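Biologist: Please take a close look at one part of this model, the nonpolar core, and then tell me about whatever else bears on the packing.

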Amino acid sequence: MKILVSSLEPSANLHLSEILKREKFDIVGIFDEKFGNPIYSSKEFSVMGFIDVIPKILQAKKAIKELAILSKQCDKVLLIDGPSFNIPLAKEIKKTNPNIEIIYYILPKVWAWKKGRIKTINQYIDKKAYIFPFEKEYWNEGYVGNPLLDEITTFRDEKIYNQIAFLAGSRKSEIKSLMPIFREIAKKIDSKKILVVPKIYQNNMDIYGDVSDFEISFDTHSTLLHSDFAYICSGTATLEAAIIGTPFVLMYKARQIEYMIAKTFVKLNYVGLANIIFEKEGLEEFHKEYLQEFDIDTLINDYKTSNLTTWLEKSSKIREILKFGSSENVIKLLKN
């Protein structure tokens, strides 16, 4: 079976890898080079922010046209996350090749903003695969499980490791914003400090600046598993820590104009996925969130006062809510 894949983000490619571990497909399209020879590397499209995306618009339009034509040589289409690119791609594919089946895995977060996408998704997507149980409110059928329950198989115990993890995100803008704060925190903590670096930056560490206070790790899950606390940029890593059971706080800092735009359009009480999931279940806050402004003493106090037993209880609860991994169910959608 030949599948046209559009997988732009590092997290999307991680989820794609779990599918390809379990089933062999011939894939073409946009994805990480480790899976083969893409038409475009996913690295060419991995950006964040309203300003960052502007230079990519013309390239994206060209790629969408090419992929739509390429779909004529494929059996099915698999879109993973990335709605700003994948929704226009779905429209173009249906215009060019109306009979091909499109599966959308990790649907747009219409519960956060752009609810108008619901109508568009229903019009152009044949099979929906959402990854949070509360999304049933918007998509009805289609909960496939959560990919992190495929990727994470070991969980935090009650052992003390005397190690703190720092995760600055996977995008350059996130890293540049948080590293100065991380350096301030690190200088006031006696424990071993581990900076988790995405593998895409292992040969480009200059973006992190001075990392002399940190040991470097390229393994998120192992580092979180053996850490007593973590300071984490907003994103998938916060849910990974929640599932593993590592105490943490979420930190996020964007350009002020981007933050104000996002605050105008996104109507949520929380940014972190674990907090959103718990709120939807009527449960208390899972973790603290700090957006835009940070007080170093407060952040250090969060680490010193964290209760591991409580965190492990919450971690067990979130795994219970998410139920099971998603890869096998996505494979079934592709094969049926």
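Modeller: The largest nonpolar core has 83 residues, where a nonpolar core is a set of buried Ala, Val, Leu, Ile, Met, Phe, Trp, Tyr and Cys residues joined through side-chain atoms within 4.5 Å, and buried means under 20% relative accessible area with a 1.4 Å probe, protein chains only. The residues with the most contacts inside this core are Leu 78, Phe 85, Tyr 105, Phe 132, Leu 239 and Ile 318. Leaving aside its neighbours within four places in sequence, Phe 85 is in contact (heavy atoms within 4.5 Å) with Ser 6, Leu 8, Ile 30, Phe 45, Ala 60, Ala 63, Ile 64 and Leu 67. A second, separate core of 28 residues includes Phe 166, Ala 168, Ile 175 and Val 249.

This is a predicted model, in which local features need pLDDT of at least 70 and side-chain atom pairs count only at pLDDT 80 or more, while totals for chains, interfaces and linings use all residues. Residues are numbered from 1 along each chain as its sequence is written, and side-chain values use heavy atoms, with hydrogens and water left out.

As for the cysteines, Cys 74 counts as buried because its relative accessibility is 10%, and Cys 233 likewise counts as buried, at 4% relative accessibility. The structure holds zero disulfides, a disulfide being a pair of cysteine sulfur atoms within 2.5 Å.

Note on methods:
Buried < 20%, exposed > 50% of the residue type's maximum accessible area, 1.4 Å probe, protein only.
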